[in-house]
Each structure stands twice: as structure tokens, then as C-alpha cells.
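Colleague: I would like to learn how to read a few features of this model. Can we take them one by one?

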Amino acid sequence: MFSKPIFKQSVRSNGPLWLVITAVLSILITIFIVSFDADDIGQIVSAAEDTSFGDQVSDLGTLMGTLEMFFKMVAILLGLIYGVFCANNLVVSEIDSGSMAYTLSTPIKRGTVIFTKMVYMIGSIILMFAVTAGVGMGVTEIVHNNLSGNAITEDVEEAAAALDRDPSYVRDNLYMIKDDDYALQSGADARGMDETAYGKYLDEAMKRDSLDKASDEITDSRHDEYDDDDDMDRDDIEITTDELADDPGMILDDSGALEEGGKPLGMNVNEYRDYVNNLVDEQENEDEEDNNDQINPSAVLTTAKEVTENDLDVSSATVDDNMNLMKNDNALEATSEATDVPEDQLSEMIDESMVSSAIDSDEGTEFDLETFGWLILGSCLLTLAMGSISFFASTLFNRTNAAMAVGGGLPLAFYIVSIVIEQNDNLEDLKYITITTLYNTSEIIADGDFLIQMGVLAVIPVVLYVISGFIFTRKDLPL
């Protein structure tokens, strides 16, 4: 059923195209990852939030959102191009040129010929996406260090240099920065904050890391406890960081969570237990605090930004890049007069805004290997499905023009329809006439329901390749 000579011939005739497409995919995913900057892209996303492009760019503020765009748009288009030309080169072009007649004049059976060409096409597409995935993971590890550990930001690099320690180690132990005045100043300068705001950021970042560790431990414990319980699904068992932030008291009931959760803070179990009890008290008192009910922080910060621009004669972009300018003495005084908010309270609000932006920036650089795996798998399956349409047309017709019109035109139409749907919500019903919407990247990013759609994508190429083999072995060829 498999012929090495035919496979080698398929590699020789289509290998150069495969190399070009794979190289372009590898270069582009590298550019997407290297050029990603959570702060800069976050400003673009915020600026476009209320425009017609807001929905299209809303996910670009995160690295995973950027990779979603790459696989949904770039990878599918290049995969489509490869599938169309490869399918036609493998079958119909050989029929049209007469070289298939020579192949079939040998003792090799038709079934062996078409099966070998199927193996090449399917294998080359899978290998193409495997290489792209490998490049993507390698680049994100080199650039952001977020595959094997936590992403290393510029402030951590500067602080690690001040401490003369490995950046990865410092990132996992942020308390080291707080304990060293020189490292604290270096990190604050890199973040564009003063030491007070940066210290608050470190407190929030360490709390986040602590809750991450604790939630993982609690989830593992619940998996052991409920593993055989058919009534408990993954969402019921898993405790997320957000859930733990709302109810930190859960940590107190798990010894593993107490041990692991204290490590990012440099605390032992007893110290961390006291820390968690303080979090519980803060959570209980949060609803009772009513200090700022009459203040709209967003409006106050907008005023502070405008006052700073006028008072310091700087642009809006400059203030966005360095919010610390709003804490200038003259700007604070002018903003306080304009808003009737005390200067110390204004300074606190500005700090909180900078901390929130910094935390959002950190989260935007996170890399989820499972999500990345589903994105690459879905992109590969969709390319296989559209390639199988081209392969089917290549076996159905005896002329290259006809095969290209159907095998290339139909997948291209599917791709264009998916773009149109993205741009206009009123045309969402068009999703039923294109297979591209079976690759639901939004659901993948949101960890939603997409497995059934993935399954359909996997079935389509199987069915079309079987039909293609049946047609080719039984049709009359112009020999």
C-alpha cells in the first residue's frame, strides 16, 4: 500500500514549497512573539475599545490573544495555499501532463499510488505545524521565559542585575527585590514608577504568585479526593486563583497550600498562616469600607491626566507611558483643586492605577501551553480539512484548471467568509456555510466548549480522503 519511490518523488516535487511555507510561518510566529509588548499593545487596545475595531483587537492585549490571531488568520491562509498547490501537484497535474500514465504503466497499483500521495500530503501538513509549534515555543521561552516558568519582565531583569542573581530565580522570589534598596530602585525605574508605587506592585504580584501556588495545591488535593466521583467535573474540582482571592480562607484548610503559598513571599508556614488570616479579615471588611463612595476614580484620574499634560506641557502619550508624572507636586496640587480630592488620596489612586496596569501587563505576557496546543491542533486540523477538499478535487477532475477552480476556490471562499463574519456580527448566520468557523479560537482561549467542533474538523479530511481514494482507483484516466 505504500511506495517509497512515489513518496520520494512527492517530496522532490513539493518539498521546496513546503520549505518556503514552513519557513515563512516560522519567521512570522517569531515576529509576532518578539514584537509583542503588553504595555504598548494594551494602549492600542484601550484606544480602540469604543471603535468599530474594538472587538477585533480586544484579545491582542495578551500574548495568547496575539497567537490566536496568528493561527486564525496567518497560519490558516498559508496552510490553505500549501494545501491547494500540493494537492494539485500530487494528482491532477500529473494526470494533465501525462506523467501519471508513466507511473501507472509500472507494476505499482493505483491504490498504492493514491495512498502514498495521501500519506505525503497529510504528513507534510502535520510536520509543517509541528515545526511552527516548536519554533513558537522556543521563541517564547527565549524572549519571555514563560514556557518553563514565569515571564521575566524588564524590571525583574534590572533588579536581578542589581542583586547579581539569576533573573528566573528573582522572578520566583520577588521578595528579594523588596529587601534590597538598590534592586528596588532599579526595578522601579524600569517600570516607570517611584519606589512607593513599585513596592505596592511587588506586594500585589507576590500575592498573585502566592495564590497561584496555593490554588494549584488545593486543586491537586481535590483531584485526589474527587477523582472517582462521576458527579464532579473538572470545573467543579479546580480552584482558580480568582476563586481563592475571593475566599482565601480555603488555604487554611490545606497544609500543602500553606507551605507552597508562602514560598513566593519568603514566609514559613506560620508566617503565611498569619498572612492569609489578614487576607480573610481584609476580605470581610472590604464590603464595610465606604470611604470612596462619592468618588469616581476613573473621572478623577482622567482629570489628573489632563492637568498633568497642561501643567508639565507634555503629551497624552507621555503621561500614558509614565503615569508617575501625575504625582508631580504641582500636578497633584492642581488636580486636588480641580477635583476636591486630597493630595494623599490622589497619590494613592494613581499608585493603584499604576499597579493595576502593571499586573495586567504581567498577565498579558503569560503563556498557556495547553491553550497553545489546542490552537496549533485546531489550525492543523482546519488546514487538513481544507487540503482534503483540494485533494478531492484533484482526483475528481482530469484538468488542472477545473481542479484549481474547485479545490482552490472553495477553501478560499470559506476563508473569506470567515473574515467577513469577523467584521460584521449581522452576518453571523454565514458561519453555517463555512468550515472555518469550526475552528473556534474564542472558545479555545476562554477554555470553553470546542471539542465537538474539533471532532468534526478531524472527520472531514478522513471522509474526503477515503472518497478521493475510491474515485481515483475507479475513474477512467486519459492515459
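Colleague: Where is the place of Asn145?

Modeller: First, the ground rules. This is a predicted model, where local features need pLDDT of at least 70, side-chain atom pairs count only at pLDDT 80 or more, and totals for chains, interfaces and linings use all residues. Residues are numbered from 1 along each chain as its sequence is written, and side-chain values use heavy atoms, with hydrogens and water left out. Helices (H or I, at least four residues) and strands (E, at least two) are DSSP runs, numbered from the N terminus. Asn145 sits in the loop between helix H7 (110-144) and helix H8 (154-163).

Colleague: What is the phi of Asn145?

Modeller: Phi of Asn145 is near 55°, a positive value in a residue other than glycine. That positive phi comes just after H7.

Colleague: Is Asn145 buried or exposed?

Modeller: Buried means under 20% relative accessible area, exposed over 50%, and partly exposed in between, with a 1.4 Å probe and protein chains only. Asn145 has 13% relative accessibility, so it counts as buried.

Colleague: Which residues is Ala151 in contact with, leaving aside its neighbours within four places in sequence?

Modeller: Contact means heavy atoms within 4.5 Å. With those neighbours left aside, Ala151 is in contact with His144, Asn145, Asn146, Arg171 and Thr365. Ala151 lies in the loop between H7 and H8. Ala151 is buried, because its relative accessible area is 14%.

Colleague: Where is Asp340, and what is its phi?

Modeller: Asp340 is in the loop between helix H19 (329-339) and helix H20 (343-364). Its phi is near 65°, a positive value in a residue other than glycine. Asp340 has a relative accessible area of 68%, so it is exposed.

Colleague: How far apart should the ends of H7 be?

Modeller: The expected span of a helix is 1.5 Å times one less than its number of residues. H7 has 35 residues, so it should span 51 Å. Its end C-alpha atoms are 51 Å apart, which agrees.

Colleague: What does that check give for H22?

Modeller: Helix H22 (residues 400-423) has 24 residues, so it should span 34 Å. Its end C-alpha atoms are 34 Å apart, which agrees.

Colleague: Where does H22 bend?

Modeller: The bend at a residue is the angle between axes fitted to the seven residues ending there and the seven starting there. H22 bends by about 25° at Gly409. A proline, Pro411, follows within four residues.

Colleague: Which residues of H22 are buried, and what covers them?

Modeller: The buried ones are Ala403, Gly407, Gly408, Pro411, Phe414, Tyr415, Val417, Ser418 and Ile421. Their cover includes helix H4 (63-90), helix H5 (92-97) and helix H21 (369-396).

Colleague: What is Tyr415 in contact with?

Modeller: Leaving aside its neighbours within four places in sequence, Tyr415 is in contact with Lys72, Met73, Ile76, Leu77, Leu80 and Thr436. Tyr415 has a relative accessible area of 7%, so it is buried. Tyr415 and Leu80 are 335 residues apart in sequence, yet 8.8 Å apart in space, C-alpha to C-alpha.

Colleague: How are two packed helices described?

Modeller: By the angle between their axes and the distance between the axes. Axes are lines fitted to C-alpha atoms, for helices over the stretch in contact, and angles run from 0 to 180 degrees between N-to-C directions. Here, the axes of helix H17 (residues 297-312) and H20 come within 11 Å and cross at roughly 100°. That makes H17 roughly perpendicular to H20. Angles under 35 degrees count as roughly parallel, over 145 as roughly antiparallel, 65 to 115 as roughly perpendicular and the rest as oblique.

Colleague: Which residues meet between H17 and H20?

Modeller: Pro297, Val300 and Leu301 in H17 meet Leu346, Met349, Ile350 and Ser353 in H20. The residues of this contact divide into 6 nonpolar, 1 polar and no charged. Ala, Val, Leu, Ile, Met, Phe, Trp, Tyr, Cys and Pro count as nonpolar, Asp, Glu, Lys and Arg as charged, and the others, Gly among them, as polar.

Colleague: How many helices and strands are there in the protein?

Modeller: The protein has 24 helices and 0 strands. Buried residues make up 43% of its 479 residues.
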